[in-house]
Amino acid sequence: NYYRLKGNLGEAIRFHERALFIYEHSPDDIPEGNYLSVVYNLADCYHQVNREAEALKLATRYSTSGSFRNQLNYLNLLASIYAASGKVSQAESIYHSIFEKFRHNKEADEPFLADQYLYYAQFLNKTSQKDSALHYLLKAGEIYHEHPHMQGNLGDLYSLIGDAWSGKNIEATTSADFQNQKSKNLLTAVQFYKKALNYLNDTGDIERMDFPLFKESNFPVQTLRILRDLGIAYHQLAGLTQ
């Protein structure tokens with residue numbers, strides 16, 4: 001999990017595979033939750049390195065196993081795999097089934113529901129449904145702000161809001177109108193990317209770009225991704241002013 005958080009997925013896969021082998025060959029009784037967590041983490045790593053067939057096999061096999069949270073983790077992973085494979089309607093169907101589960105399960109605490117809004121919004125962003133993504137991100141934000149210790153979640157939230165604004169569809173009748181609206185959207189995106197960096201790295205100032213601090217970040221993968229997206233937004237803004 002350390003290597004996974006640091007973005008070294010090759011090493012993460014190696015250790016998760018070793019852990020899985022030990023669990024499956026141990027003479028002792030293994031807690032189901034521990035086993036399912038290792039399988040999920042391995043499947044998620046496979047997904048992140050585009051080993052979709054292996055990820056899909058594990059996620060499908062265990063999508064109805066374990067606790068409510070275990071099942072939702074696997075279903076979200078399944079939806080993400082389908083979306084990455086171009087099977088958008090199948091992914092959408094899974095997300096709808098997940099929200100249906102929330103309506104009928106007493107374990108569905110608010111922060112976990114907010115996480116689900118976040119996952120669905122990420123899918124909507126990737127499938128060019130930016131306005132719908134913003135709707136669910138705002139719903140997630142309302143919940144996160146009511147609960148302490150949501151630093152990483154708020155970082156993800158503001159980053160996804162930035163993504164939604166940077167790629168928002170624009171209806172304009174002239175080139176000047178398009179450039180004006182696009183510029184406003186990108187500037188809004190920039191502010192949310194900076195807000196995400198602030199939450200993840202506790203800079204204390206939304207305008208402070210503290211690169212030495214980012215280098216030692218506790219959220220290195222998220223921070224690098226946001227810096228990349230912030231750079232893309234600035235590059236697009238520069239293109240609009242030429």
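Trainee: Leaving aside its neighbours within four places in sequence, which residues is S217 in contact with?

Mentor: This is a predicted model, in which local features need pLDDT of at least 70 and side-chain atom pairs count only at pLDDT 80 or more, while totals for chains, interfaces and linings use all residues. Residues are numbered from 1 along each chain as its sequence is written, and side-chain values use heavy atoms, with hydrogens and water left out. Contact means heavy atoms within 4.5 Å, and once the neighbours within four places in sequence are set aside, the residues in contact with S217 are K6, N201 and T223.

Trainee: Is S217 buried or exposed?

Mentor: S217 is found in the loop between α11 (211-215) and α12 (220-240), where helices are DSSP runs (H or I, at least four residues) numbered from the N terminus. Buried means under 20% relative accessible area, exposed over 50%, and partly exposed in between, with a 1.4 Å probe and protein chains only. Because its relative accessibility is 5%, S217 counts as buried.

Trainee: Why is the pair of F68 and F102 edge-to-face?

Mentor: A search of the whole structure finds 18 aromatic pairs, where rings of Phe, Tyr and Trp (its six-membered ring) pair if their centres lie within 6.5 Å, and planes under 30 degrees apart count as stacked, over 60 as edge-to-face and the rest as tilted. The centres of the F68 and F102 rings are 5.5 Å apart, and the pair is edge-to-face because the planes stand at 80 degrees.

Trainee: How many residues apart are F68 and F102?

Mentor: F68 is in helix α5 (residues 68-84) and F102 is in helix α6 (residues 88-103). F68 counts as buried at 7% relative accessibility, and F102 counts as buried at 10%. The pair links distant parts of the chain, with a separation in residues of 34.

Trainee: Which residue has its charged end over the ring of W165?

Mentor: A charge sits over a ring if NZ of Lys or CZ of Arg is within 6 Å of the ring centre and within 35 degrees of the ring normal. The charged end in this case is 5.3 Å from the centre of the W165 ring, and it belongs to K168.

Definitions and conventions: Helices (H or I, at least four residues) and strands (E, at least two) are DSSP runs, numbered from the N terminus.
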